[in-house]
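Dear colleague,

I am passing on the structure below, together with some notes on what turned up when I went through it. Please read the notes with the model open beside you.

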Amino acid sequence: MAGNFADIRERGVKQIHFIVSDGLSGMKNVITEIYPTQSISPV
């Protein structure tokens, strides 16, 4: 999963505005690892 976000970052995406997840465990950790300044809002 981290590899997918790392690939996106390496292609030049500097910020992700919207990610939808069904509560997959570890998703928050992966996002903040690849995009450390990204804020995450629980629903």
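Which residues does V30 touch, not counting residues up to four places away in sequence? They are M1, A2 and F5, where contact means heavy atoms within 4.5 Å.

Before going further, please note that this is a predicted model, in which local features need pLDDT of at least 70 and side-chain atom pairs count only at pLDDT 80 or more, while totals for chains, interfaces and linings use all residues. Residues are numbered from 1 along each chain as its sequence is written, and side-chain values use heavy atoms, with hydrogens and water left out.

The chain has two helices and zero strands (helices are DSSP runs of H or I with at least four residues, strands are runs of E with at least two, and both are numbered from the N terminus). Its C-alpha trace spans about 30 × 20 × 15 Å along the principal axes. Of the 43 residues in the chain, 21% are buried, with buried meaning under 20% relative accessible area, exposed over 50% and partly exposed in between, for a 1.4 Å probe and protein chains only. Among the contacts with a separation of 6 or more, 45% are between residues 24 or more positions apart.

The largest nonpolar core has eight residues, namely F5, A6, I16, M27, V30, I31, I34 and Y35; such a core is a set of buried Ala, Val, Leu, Ile, Met, Phe, Trp, Tyr and Cys residues joined through side-chain atoms within 4.5 Å. Helix 1 (2-10) and helix 2 (27-34) each supply at least two residues of this core, and the largest share, four residues, comes from helix 2. As a general background, nonpolar side chains in soluble globular proteins tend to be buried together.

In helix 2, the buried residues are M27, V30, I31 and I34. They lie on the same side of helix 2 because they cover an arc of only 95° around the axis, the arc being that of the directions from the helix axis to the C-beta atoms. These buried residues pack against helix 1, whereas the face of helix 2 turned away from the buried side carries the exposed residues K28, N29 and E33.

I16, in the loop between helix 1 and helix 2, counts as buried because its relative accessibility is 14%, and, leaving aside neighbours within four places in sequence, I16 is in contact with F5, Y35 and Q38. Y35, in the segment after helix 2, counts as buried at 5% relative accessibility; with residues up to four places away not counted, Y35 touches F5, I8, R9, V13, K14, Q15 and I16.

Finally, the largest pocket has a volume of about 490 Å³. A pocket here is an open set of points on a 1 Å grid over the protein atoms alone, where a 1.4 Å probe fits, with protein on both sides within 12 Å along at least five of seven lines, and lining residues have an atom within 4 Å of a point; the volume is the space filled by probe spheres set on the points. Of the 18 lining residues, the closest to the centre are I19, I31, I40, S41 and P42. I19 counts as partly exposed at 33% relative accessibility, and the C-alpha atoms of I19 and I40 are 9.2 Å apart.

With best regards
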